[in-house]
Amino acid sequence: MEQITVERDGAVSRITLNRPDKLNALTQVMSDELVEAFGEARDDDAVRAVLLTGSGRGFCAGQDLTEFGDAYRTGGRPDIEEHLERTYHRLIPVMVELPKPVVCAVNGVAAGAGLSLTVACDIRVASDAARFTQAFVKIGLVPDSGGTWLLPRVVGYAKALELSLTGEVIDAAAALDIGLVSRVVPAEDLDRASGELAATLAALPTAAIGEAKALFRGSTDLDSALRAEAVAQARMGQTKDHLEGVMAFAEKRDPRFEGR
Ligand code: LHQ
């Protein structure tokens, strides 16, 4: 990998965006590498949680705007639709649909597609140095990379629209206030706090977590939600982890889940 690093810590795969001098702005290479890393995390049974973070002072400044420099400089325009299909249309689904928990440790600024990356994760823990901006409007664009679907589901329609129409930069405290992040910690505690959360999630029944994510994602109306819950619950009722959970409760001991 050239622009990300992937490390294993027990059952947690830690993926770090690694272009610190450019605030980890997204390139085609970085997007391809992230698709590969999330695909490997999905396919490796020993991985039971993913932690996504950025190196240096930024989390991710969104699309690397210099990547299309030549097209603009020569009076042309990049084929943005084709670019989106090659990058975020592959990356965001592999993150959102990962049947394992994904923690985002937001270490610094998250802008444009960088903010979309944070909301494609399941739980966000922010450093007090984090900032968030739907930067798209500042360059005459609309939110992409799944932002129009993901952000309203996290912060609600009105706040998502307000952030997207204004491009306002908000700090970590404001992000906590609107529910964009679950927790804010001092910068020096971010690694520990997010690592502990990922490890805790990795020790839980992974199959049930994957199913719960799919149910929340797919829920549209009560009737179909009840039906989908029943089908998934019947499947979960057959898992080793369900039996272990029930037995541990009866025997008044801590459960040992295997993710199966
Ligand atoms: C960057 C970037 C960046 C390259 C900072 N690219 N170098 C899809 C399809 C097609 C086209 C476009 O977009 C998309 C999706 C999108 O994501 S659109 C949104 C793209 N992102 C932005 O518009 C954000 C641009 N960046 C900023 O507004 C600021 O840099 C933020 C608010 C993120 C951070 O501000 P500061 O903390 O003041 O840092 P800085 O501006 O000084 O940046 C540090 C360096 O990083 C600097 O490089 P240099 O060589 O001068 O030190 C920046 O040029 C570079 N950088 N963002 N997106």
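Let me start with helix α5, residues 113-120, which lies across β4, β6 (109-111) and β8 and runs at about 105° to β6; contact here means heavy atoms within 4.5 Å, and angles, from 0 to 180 degrees, are taken between the N-to-C directions of lines fitted to C-alpha atoms, for helices over the stretch in contact. Helices (H or I, at least four residues) and strands (E, at least two) are DSSP runs, numbered from the N terminus.

This is a predicted model, in which local features need pLDDT of at least 70 and side-chain atom pairs count only at pLDDT 80 or more, while totals for chains, interfaces and linings use all residues. Residues are numbered from 1 along each chain as its sequence is written, and side-chain values use heavy atoms, with hydrogens and water left out.

Turning to the sheet, 4 strands form an open, mixed arrangement in the order β4-β6-β8-β9, where pairing requires that DSSP finds at least two bridges between two strands. Because β4 (58-60) and β9 (169-171) stand at the edges with a single partner strand each, one side of each is left without a neighbour in the sheet. Strand β8, residues 131-133, pairs with β9 in the antiparallel sense over 3 bridges, and F132 stands opposite I170 in β9.

Now the ligand: 24 residues surround it, the closest being R57, A61, Q63, L65 and R131, and a residue counts as near if one of its heavy atoms lies within 4 Å. By element, α3 (80-86) and β6 each give two or more residues to this shell, and α3 gives the most, with 3 residues.
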